[in-house]
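Subject: Handover of the structure

Hello,

I am passing this structure on to you. Please open it first, then read the notes below.

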Amino acid sequence: MDDTLAQLIDMGFDPSVSQLALEQTNYQGVQQAIEYIYGLSTSNNLSGVKQGSTIGQTPPSSQQPLQSQKTLVDLTQGNNNSSNLTKTHVADQQLTSNKPKSQKTSLKSSIRESSETNSDDEYYQDVDDYEFDVPVQEIFTTNNSVIQARELIKTALVEIDNITNITETSPSEATLLLLHFQWNSNKLLERYYEDPDRVKQQAGVKAIDQYKIKINVPGQDCIICGDSLDQNNGSYLSCQHYACSDCWDGFITNKIKDGESIGMTCLSFKCTNIIPDIFVKEVVPKQYNKYLERLAQTFVDKNPNMRWCPVAGCGNALKADSKAETVASCTCGFKICFKCNQESHIPANCDQMKQWKKKCEDDSETANWIQSNTQDCPQCHSSIEKNGGCNHMTCKKCKHEFCWVCLGNWKNHSKCNTFDKDKVSKSESKKNLERYLFYFHRFNIHEQSKKFETKLRASTLETIMSIQNKKDKRWIDVKFLIQSTEILIQCRRTLKYTYVFGFYLPDGAEKNLFEYLQNDLEKTTEHLSGLLEKAEDKNIFDIKEVTNLASTKLRHLLEGVEEGLTLGGTKR
Amino acid sequence: MASGRYAKRLQKELQEIQKSPPHGIMIEEANNLDRWVVQITGTENTLYNGEKFRLQFRFNSEYPLESPEVMFIGVAPIHPHIYSNGHICLSILYDAWSPALTVSSVCVSILSMLSSCTEKVPPVDNQYYVSRSIGKTPKDTRWMFHDDTV
């Protein structure tokens, strides 16, 4: 029995299909099983819509199954007639799973698979198949590259090592040379052979002065800790600033920790003597590798097209492949604005962000206080802070007497407890402040939501696992949840910055349209967020749909902003 | 080891400063190794002639590899680089710190900063800065050093 199964698997049939076929044919033999499978698929063929078979596939070892598979592919490709799905779903799905190349078919088969498990056939008959064939959309197609930190440092170290050997310099000198030629080693060597000294001078390589390491310096104390240096523990450069090895160690370790490498200078105050590599190597051997890494990191530090991912502990480098590119995304999910090195802030631009940040710094602390502690004099509109308990106020400026509670004239004043919205009068500055607070509040709320949703990233994997385990879904069916989470975060981030953009957008038709799109995106984002937070097998189709919706709305908003809203608006 | 260096170094500095105090500098309080108060007296023939100010030094165990936190307590001198909350804008206290600097050399630097002043005015952004740095130490500030000549 196992032999026949093995034979079938050898022929290229899926193990579970083979098993099923064997069961259905009562283990009569290989031929019967193949006929069973073949028969199933040909009977489908009657109702399936014919299409040219174009999909590449791995041919099974016998001709027959190949034939049957082709028909199946045709079937799944062009099958809009869902009524016969129920009849055929078992063999259909399992056969196509032989052929992992075509994601479309696998996705479809997954639907059938689930119908197998919950036998909710009618439900699936109502489902518009086409919907599920649309893959989750990517909104940004940036072509920046992300370079893993380890790779990068390894490459740079090899480069440094290479130049060190050829030019017979120290690693830091080699790095200086490389930096001078923007890490173009061919150009470097070409020029170097022409005139080594001149190239070195141009690159800022200085001759290494004398230095002494771990020697006895009788009569001198360490300038840092004050220990006497008569126990072979004194080290110094040509400037003769004596210090003990321990203090040098602490000093250099600190510097390396702060990210210094090239041009590290002597520990004495305002001394410009450069510490040579060999000194680091011998005095702080433990830190030497770290030091070399720092040298390698200058590859990114000094490269205008590259940035470190600012996320703590990420350490990857991002590279923009063209100058026009302003947004780069890291594999850790962070998106960076290349121009200002902050989190990507589209649709607001860098200048707006700068203004916004300054405004937030200036206003956020005072704003709260002003709002809760002051009111404007109803007559002269100057801000007034109340300094006592009595609500009968007299404005210092214009001597106007009024009621602090209702801001009405104190004389003949009554009905202080009745709400009258016409009476709400506010000074210009206060109106501005309120306008700012309105935008700031929303900016903040989206930021907070984003923080929560970033945590979803971690739990998404778990959710996928649990759906998979519970409902027998396959990885490929639910893995789009990862993308959904990313798109949700993208929407959140963009929404956050739309409030900066909106704050600086003058009133008018453009703003109206912008706010319409913003509102639209906001609603969809909330919907998606709600769905993702309680993602389970029942709502995965919803999630997919809403993800695509959100993705579309986000694209509309961004395109609209980019192309000019009113123009883009009439276009659509 | 690190804390050993810190204690030894401060003891040594204290001895030296008490043995031969630089002109215009007097240790007022140094009972603890983490906080000293130093009194400085404005140099003759300068705007601060004879005026007395109190400087507070706070050290952590990384001293002297890390700079001490230095600020005026009590009444701060009116000076373009000294904020009214006592914070001092002086590069050697932050970025340009070197472990070879000492309490006494810092005091001398601050005195000379006072001496070279030509007009007693507070920093232009005094109000703004002071209101923003309530409850913060000067080491939390990202200092920009505009001008080293005053």
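The notes below go through confidence, strands, aromatic rings, one threonine and some backbone details.

**Confidence**

Please keep in mind that this is a predicted model. Chain B has an average pLDDT of 87. In that chain, 94% of the residues score at least 70.

**Strands in chain B**

Strand 3 of chain B has partners in two strands. It pairs with strand 2 of chain B in the antiparallel sense, over seven bridges. Within this pairing, Gln39(B) stands opposite Arg54(B), a residue of strand 3 of chain B. Strand 3 of chain B also runs antiparallel to strand 4 of chain B, and five bridges join them. Here Gln56(B) has Met71(B), in strand 4 of chain B, as its bridge partner. In a regular strand, side chains alternate between the two faces of the sheet.

**Aromatic rings**

How many aromatic pairs are there over all chains? The count comes to 26. One of them joins Phe501(A) and Phe514(A). Their ring centres are 4.9 Å apart, with 55° between the planes, and the pair is tilted. Phe501(A) belongs to helix 19 (residues 480–504) of chain A, and Phe514(A) to helix 20 (residues 509–533) of chain A. The two residues are 13 apart, so the pair links distant parts of the chain. Phe501(A) counts as buried because its relative accessibility is 11%, under the 20% cut-off. Phe514(A) is buried too, with a relative accessible area of 0%.

Chain B has a pair made by Trp36(B) and Phe59(B). The ring centres lie 5.4 Å apart and the planes meet at 75°, so this pair is edge-to-face. Trp36(B) sits in strand 2 (residues 35–41) of chain B. Phe59(B) is in the loop between strand 3 (52–58) and strand 4 (69–73) of chain B. They are 23 residues apart, and this pair also links distant parts of the chain. Both Trp36(B) and Phe59(B) are buried.

Chain A also holds a cluster linked by ring pairs. Its members are Trp356(A), Tyr436(A), Phe438(A), Tyr439(A), Phe440(A), Phe443(A), Tyr497(A), Tyr499(A), Phe503(A) and Tyr504(A).

Which residue lies over the face of Phe438(A)? Arg442(A) does, at 3.5 Å from the ring centre. Elsewhere, Lys544(A) lies over the face of Phe480(A), at 5.1 Å from the ring centre.

**Thr485(A)**

Look next at Thr485(A), in helix 19 of chain A. Is Thr485(A) buried or exposed? Thr485(A) is buried, with a relative accessible area of 2%. Its side chain makes a polar contact of 3.0 Å with the side chain of Thr460(A). A polar atom of the Thr485(A) side chain also lies 2.8 Å from the backbone oxygen of Leu481(A). Leaving aside residues up to four places away in sequence, Thr485(A) touches Glu453(A), Leu456(A), Arg457(A), Thr460(A) and Leu532(A).

**Backbone details**

Most peptide bonds are trans, and most residues other than glycine have a negative phi.

Start with the cis bonds. The peptide bond from Ile346(A) to Pro347(A) is cis, with omega near 10°. Pro347(A) is in the loop between strand 8 (335–337) and helix 16 (350–373) of chain A. In chain B, a cis peptide bond joins Tyr63(B) and Pro64(B), with omega about 5°. Pro64(B) is placed in the loop between strand 3 and strand 4 of chain B.

Now the phi angles. Glu168(A) is not a glycine, yet its phi is positive, at about 50°. Glu168(A) lies in the loop between helix 9 (149–167) and helix 10 (171–180) of chain A. At 70% relative accessibility, Glu168(A) counts as exposed. Gln182(A), again not a glycine, has a positive phi of about 50°. Gln182(A) is found in the loop between helix 10 and helix 11 (185–194) of chain A. Gln182(A) is exposed as well, with a relative accessible area of 67%.

Best wishes

Definitions and conventions:
Residues are numbered from 1 along each chain as its sequence is written. Chains are lettered from A and ligands numbered from 1 in the order in which they are written. This is a predicted model: local features need pLDDT of at least 70, side-chain atom pairs count only at pLDDT 80 or more; totals for chains, interfaces and linings use all residues. Side-chain values use heavy atoms; hydrogens and water are left out. Rings of Phe, Tyr and Trp (its six-membered ring) pair if their centres lie within 6.5 Å; planes under 30 degrees apart count as stacked, over 60 as edge-to-face and the rest as tilted. Helices (H or I, at least four residues) and strands (E, at least two) are DSSP runs, numbered from the N terminus. Buried means under 20% relative accessible area, exposed over 50%, partly exposed in between (1.4 Å probe, protein chains only). A charge sits over a ring if NZ of Lys or CZ of Arg is within 6 Å of the ring centre and within 35 degrees of the ring normal. pLDDT is the predictor's confidence in each residue, from 0 to 100. A polar contact is a pair of N or O atoms within 3.5 Å; within protein, one must be able to donate a hydrogen and the other to accept it, and residues adjacent in sequence count only if both atoms are side-chain atoms. Contact means heavy atoms within 4.5 Å. Two strands pair if DSSP finds at least two bridges between them.
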